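Trainee: I would like to go through this structure with you. Can we start?

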2 protein chains.
Amino acid sequence: MTLRSQLLKGIMDGCVLAVIEKEPVYGYVLSKKLQDIGLVDVTEGTIYPVLLRLQKKGFIVGEMQPSEAGPNRKYYYLTSEGKEELELIIEEWDNIASPIEKLFKRRGNNA
Amino acid sequence: MTLRSQLLKGIMDGCVLAVIEKEPVYGYVLSKKLQDIGLVDVTEGTIYPVLLRLQKKGFIVGEMQPSEAGPNRKYYYLTSEGKEELELIIEEWDNIASPIEKLFKRRGNNA
DNA sequence: TATCAATACCTTGTTAAACAAGATAGTGAA
DNA sequence: TTCACTATCTTGTTTAACAAGGTATTGATA
């Protein structure tokens with residue numbers, strides 16, 4: 001719908017892997033974290049399909065853990081395949097983002 | 001299909017507008033230009049739908065011009081609405097790209 | 001003449017992923 | 001008992017890249 005949602009296509013996997021790499025998280029809090037850093041539209045409707053996809057591909061593993069308050073939480077951990085995948089995604093990102101940056105930067109430089 | 005193709009979602013319009021802003025171009029050569037700067041998969045199957053979409057929205061206008069060798073060329077020019085749209089797209093890009101960059105940058109900093 | 005490559009336009013169909021909307025359920029406070 | 005917050009997940013819609021194909025012009029080569 002939004003331009004924002006289109007711009008995230010193909011990079012959500014990378015974002016999720018990057019967060020999980022730092023420390024294992026569960027879906028609900030992952031969504032909040034991504035919103036906090038500026039990806040404001042990343043709600044649960046986005047995050048859970050991504051987590052399922054990544055788990056199916058073997059890049060993360062989920063483990064249910066009891067919670068003292070509220071429903072149980074499914075924590076996700078990065079696998080070594082997931083780490084490799086993250087490297088690839090970051091490389092691709094650089095390959096795509098840098099020509100776009102150049103295209104967008106050299107403009108209005110009449111100062 | 002490719003990760004690359006997903007990463008370009010929602011940003012092709014901006015890329016095309018940015019190129020046309022510098023100088024009017026026709027579709028065939030626009031595709032080559034974008035490939036040259038690193039967007040290697042941007043073929044005519046990508047470019048012509050984008051040009052039609054942008055024209056329908058009033059961001060560019062096309063004008064057929066005779067060619068001495070080969071088929072005629074349809075040159076596209078940026079409108080003032082197109083310029084405004086480009087500004088918006090670049091702003092959105094910055095809003096999305098910068099948190100992603102941060103997520104990807106602060107890694108492997110054990111040097 | 002026929003054929004090929006390069007140039008140049010365009011359309012159709014497939015596919016993937018974000019995400020809005022909704023369903024379900026546990027805890028605890030008012 | 002009603003509400004808010006936490007937490008999981010699914011379904012359906014939408015959008016845009018782009019692979020594949022089609023048409024036509026010019027000019028070179030066989």
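This is a predicted model: local features need pLDDT of at least 70, side-chain atom pairs count only at pLDDT 80 or more; totals for chains, interfaces and linings use all residues.

Trainee: How many residues of chain B are in contact with chain A?
Mentor: Contact here means heavy atoms within 4.5 Å. On the chain A side, 33 residues take part. On the chain B side, the count is 33.

Trainee: Which residues form the salt bridge between chain B and chain A?
Mentor: The count is one salt bridge. The cut-off is 4 Å between nitrogen and carboxyl oxygen. Here the closest N and O atoms are 3.6 Å apart. The partners are Glu92(B) and Arg4(A).

Trainee: Which element gives the largest share of the side of chain B that touches chain A?
Mentor: Helices H1 (3-7), H2 (12-22) and H5 (80-105) of chain B each give two or more residues. The largest share is 14 residues. That share comes from H5(B).

Trainee: How many nonpolar residues does that side of chain B have?
Mentor: Sort the residues by class. Four are polar and nine are charged. The nonpolar count is 20.

Trainee: What does UniProt list for residues 16-87 of chain A?
Mentor: The span is 53% helix and 19% strand, with its end C-alpha atoms 13 Å apart. The UniProt entry is unreviewed.

How values were computed
Residues are numbered from 1 along each chain as its sequence is written. Chains are lettered from A and ligands numbered from 1 in the order in which they are written. Side-chain values use heavy atoms; hydrogens and water are left out. A salt bridge is a side-chain nitrogen of Lys or Arg within 4 Å of a carboxyl oxygen of Asp or Glu. Helices (H or I, at least four residues) and strands (E, at least two) are DSSP runs, numbered from the N terminus. Ala, Val, Leu, Ile, Met, Phe, Trp, Tyr, Cys and Pro count as nonpolar, Asp, Glu, Lys and Arg as charged, and the others, Gly among them, as polar. UniProt positions are given in the numbering used here, feature names are shortened, and annotations may be inferred rather than shown by experiment.
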